[in-house]
Amino acid sequence: ISYNTIMDGDGEIQALCPSWALSVGYLGVASAAVLSNWGSAWGTWKAGVSLVHTGIRHPESMMKNVIPVVMAGVIGIYGLIVSVILAEAIGSPDDSRVNTYSIYTAMAHLAAGLCCGISGLAAGGCIGIVGDYGVRCVGYRASNITLFPSLDTRSKQSSGYSQVSTSENTGSDDVSGSDDQNKLFVGMLIMLIFSEALALYGLIVALIVSQHSYECSV
């Protein structure tokens with residue numbers, strides 16, 4: 001018996017290709033899909049709630065502030081891509097009960113799924129939190145609201161979002177603070193881009209690791 005074979009009741013089988021290796025490979029497939037979708041749903045939930053909340057009082061900013069929701073949804077696509085690639089790489093055993101899918105390949109697929117899934121989960125949470133506070137702050141600034149009103153101006157701020165400006169306000173009459181609003185939006189957008197990059201890094205590593213394979217000879 002060579003070092004790469006073991007004995008069971010039916011004879012010799014290769015130690016590098018046990019029957020349970022398929023379970024490890026499919027666990028990588030599930031990890032990539034489930035964890036990425038979890039992060040996508042988390043980010044959509046956090047950013048979507050603040051988007052609807054702000055859109056009630058400042059509907060003009062709805063289309064511009066929908067970017068966090070879109071970026072969170074893209075993370076689920078990363079998990080879908082990796083899951084499909086890994087699933088196609090897992091071979092099926094034949095009628096001779098010989099398994100050529102090695103534990104080396106299974107561990108590589110598990111690592112690829114976890115790289116993509118956990119990176120997508122972290123990126124989705126980051127996008128959701130940044131989008132939540134960013135969308136609210138942009139809406140507050142557009143509505144000329146201060147989060148810490150003084151005692152002298154508290155009566156003026158009691159109307160809340162009722163101070164929404166219209167597109168006809170220009171020049172010195174513009175109370176929406178469009179310049180400051182644009183600065184807040186650009187800052188939020190930069191943070192969202194780098195948050196999305198975390199999931200992209202995991203996708204790149206997953207694609208590279210998924211190419212590592214070893215097949216046992218029949």
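Student: What do buried, exposed and partly exposed mean?
Tutor: Buried means under 20% relative accessible area and exposed means over 50%, with partly exposed in between; the probe is 1.4 Å and protein chains only are considered. By that scale Cys115, at 28% relative accessibility, is partly exposed. This is a predicted model, in which local features need pLDDT of at least 70 and side-chain atom pairs count only at pLDDT 80 or more, while totals for chains, interfaces and linings use all residues. Residues are numbered from 1 along each chain as its sequence is written, and side-chain values use heavy atoms, with hydrogens and water left out.

Student: How many disulfides does the structure hold?
Tutor: The structure holds 0 disulfides, a disulfide being a pair of cysteine sulfur atoms within 2.5 Å. For Cys115, the nearest cysteine sulfur belongs to Cys116 and is 8.6 Å away. Cys137 is partly exposed, at 34% relative accessibility.

Student: Which elements does the protein chain have, from the N terminus on?
Tutor: The order is β-β-α-α-α-α-α, that is, 5 helices and 2 strands. Helices (H or I, at least four residues) and strands (E, at least two) are DSSP runs, numbered from the N terminus.

Student: What share of the residues count as buried?
Tutor: Of the 218 residues in the protein chain, 40% are buried. The accessible surface is about 12200 Å², and 65% of that belongs to carbon and sulfur atoms. Areas come from the Shrake-Rupley method with a 1.4 Å probe, and for residues only the protein chains shown count as cover.

Student: Which residues make the nonpolar surface patch?
Tutor: Trp38, Trp42, Trp45, Val49, Ile129 and Tyr133 form a patch of about 700 Å². Patches take residues with over 30% relative accessible area and no salt bridge, joining like charges within 9 Å and nonpolar side chains (Val, Leu, Ile, Met, Phe, Trp, Tyr) within 5 Å. Helices α1 (21-57) and α3 (103-142) each supply at least two of the patch residues, and α1 gives the most, with 4 residues. Trp45 lies in helix α1 and is exposed, with a relative accessible area of 54%.

Student: What about salt bridges: how many does the count come to?
Tutor: The count is 2, where a salt bridge is a side-chain nitrogen of Lys or Arg within 4 Å of a carboxyl oxygen of Asp or Glu. In one of them, Lys46 meets Asp132 at 3.6 Å, N to O. Lys46 is in helix α1 and Asp132 in helix α3, so this pair ties together parts that are 86 residues apart in sequence. Arg136 also meets Asp132, at 2.8 Å, N to O; these two are 4 residues apart in helix α3, about one helical turn. Through shared partners, Lys46, Asp132 and Arg136 join into one network.

Student: Is Asp132 buried or exposed?
Tutor: Asp132 is buried, with a relative accessible area of 8%.
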